[in-house]
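Here is a short briefing on a structure that may be new to you. Look through the sequence and the model first, then read the points below.

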Amino acid sequence: MAAHLSYGRVNLNILREVARKDLREFLDKCAGSKAIVWDEYLTGPFGLIAQYSLLKEHEVEKMFTLKSGRVPPADVKNIIFFVRPRLELMDIIAENVFSEDKLQSSRDFHILFVPRRSVLCEQRLKEQGVLASFINIDEYILDLIPYDGDLLSMEYESAFRECYLENDQTSLYHTAKGLINLQALYGTIPQIYGKGECARHVANMMLRMKREFAGSQNQILPVFDTLLLLDRNVDLLTPLATQLTYEGLIDEIYGITNGYVKLPPEKFAQKKQGEASKDLPTEPKKLQLNSAEELYAEIRDKNFNAVGAALSKKAKIISAAFEGRHNAKTVGEIKQFVSQLPHMQAARSSLANHTSIAELIKDITTSEAFFDNLTVEQEFMTGVETDKVNPYIEDCIAQKDPLIKILRLVCMQSVCNNGLKQKVFDYYKREILQTYGYEHILTLNNLEKASLLKPQTSSRNNYPTIRKTLKLWLEDANEQNPNDISYVYSGYAPLSVRLTQVLARPGWRSIEEVLKMLPGPHFEERQQLPAGLHKKRQQGENRTTLVFFLGGVTYAEIAALRFLSQMEDSGMEYIIATTKLLNGTTWIKSLMDRPESQIS
């Protein structure tokens, strides 16, 4: 049982258990010993559902990564391919099956499509002449994966790109399907609000699917009061900004993937006195990051400037606890001390890890380069000189800084200025192509298509009005003891979270004018609860809102929503769901049109 998934108002462990049950049932269909051949992208998401021990219990003896050629030799009866429905993967599977057939092996082949079966993929396997080799062709519905007690992600890496560049609504269909499955477990969500084109599509699909299954409604008292669907393109600014929470900075600098981070090993080596440094580990230190770890749950959402104080406070508490052994005199007291020892040792090693991580981050956040970059970001957010070529960006291009850094800043300037003057736009474009190569013209076109970088079409810039009305900038944000969500960016309140906050109180009618300035429609739908089901609220009981970010969410936005959940007077608890956890770098990368290996 994953305790960190069930601590909140909504027990997300139920979702995980359903996913585990489906997996066990499929594995048991393939009787005998098994080897799983993984589409590499799926191993991380599956790790959040089932550990290797569960697979072993169901006779999985070997695991391989899907690669061309033949499957590595394994003395097993069944070979199961776990893959996303992608045509290029079907060609590799066909190659694998052919090379097995040549060996006249008597193995049984099975294929499990995640998250849906695909007629096109089956057609490709048929064309390749291997479809008949499969005994089981099935689908494993992995829509919303529980990450933490208040966080779900579909880990659908191309959702934003598909919706805004390729006009492909597959991810929206999966989202609607995922929400229908969620309602089957947690009850119908009575109220749906949304902002944006994609949000409108998802709500329509949900309502249609619900009508189709009208007869099979579960008599479950609803756990969620409200669903808020938000398009990422309603707030393009937030992911471009550098996140300043502890978790956000870990993600910005090292990247968090499926709840794990890989860190430089030298900081974590246990050096003994007089020991030669040549034995330092070379493998990155891999750490799991979630609320199962007490200290991490406490500090992850803090502004990084408040982390040092929290760590030193924790260090004092832990050393006082260890000192307690001197006061243990009686057998009973000693026994009690010993029983607490494992917990204390775990706390001490957790403290050591986070102190090392904080030191690594501090080396970067105290650098001049970091400060200069942040200063320019904050100037753009506050509307300072957004309409002319920025000298800092010019310098960065001249010094050939990483292209993604340049693109994040230029896009940010464009978003805060409702597009760039044609002269400024052409200048940036020319400088970027001359410095980084003309092949990046495709990327610039993609950014333009996604409205991240565009020439100004009207002289009217709505951003200052939006900033003022929604109080998106607070001059003296309190980083140590925050009283507003703007602490997550040291002054900037994420627009997406401000919309969520206003929806709860006083409601969107109060900001009707601003909503019209943001892209896409805003709407409200009600879903009928099954007859006889009415949620009676206890005195002082919080309402629960599921906020779904279509196209991705950042850790800083998650921190801001957690902050709202913890506010005494908010009367609201938030569960966050998204198509993908992202940051500015991974987001821009997903819109680039060059092989990843060439992106600096």
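Rings of Phe, Tyr and Trp (its six-membered ring) pair if their centres lie within 6.5 Å; planes under 30 degrees apart count as stacked, over 60 as edge-to-face and the rest as tilted. This is a predicted model: local features need pLDDT of at least 70, side-chain atom pairs count only at pLDDT 80 or more, and totals for chains, interfaces and linings use all residues. Residues are numbered from 1 along each chain as its sequence is written, and side-chain values use heavy atoms, with hydrogens and water left out.

**Aromatic rings**
- Phe26, Trp38, Phe46, Phe82 and Tyr140 make up one aromatic cluster.
- The structure has 17 aromatic pairs.
- One of them is stacked: Phe81 and Phe109, 6.3 Å centre to centre with 20° between the planes.
- This pair links distant parts of the chain, with Phe81 in strand 3 and Phe109 in strand 4, 28 residues apart. Strands are DSSP runs of E, at least two residues, and helices are runs of H or I, at least four, numbered from the N terminus.
- Phe81 is buried, at 0% relative accessible area. Phe109 is also buried, at 3%. Buried means under 20%, exposed over 50%, partly exposed in between (1.4 Å probe, protein chains only).

**Charges over rings**
- The charged end of Lys286 sits over the ring of Tyr260, 4.6 Å from its centre.
- The charged end of Arg348 sits over the ring of Phe322, 4.0 Å from its centre.
- The criterion is NZ of Lys or CZ of Arg within 6 Å of the ring centre and within 35 degrees of the ring normal.

**Glu40**
- Glu40 lies in helix 2 (residues 40-47).
- Glu40 is exposed, at 57% relative accessibility.
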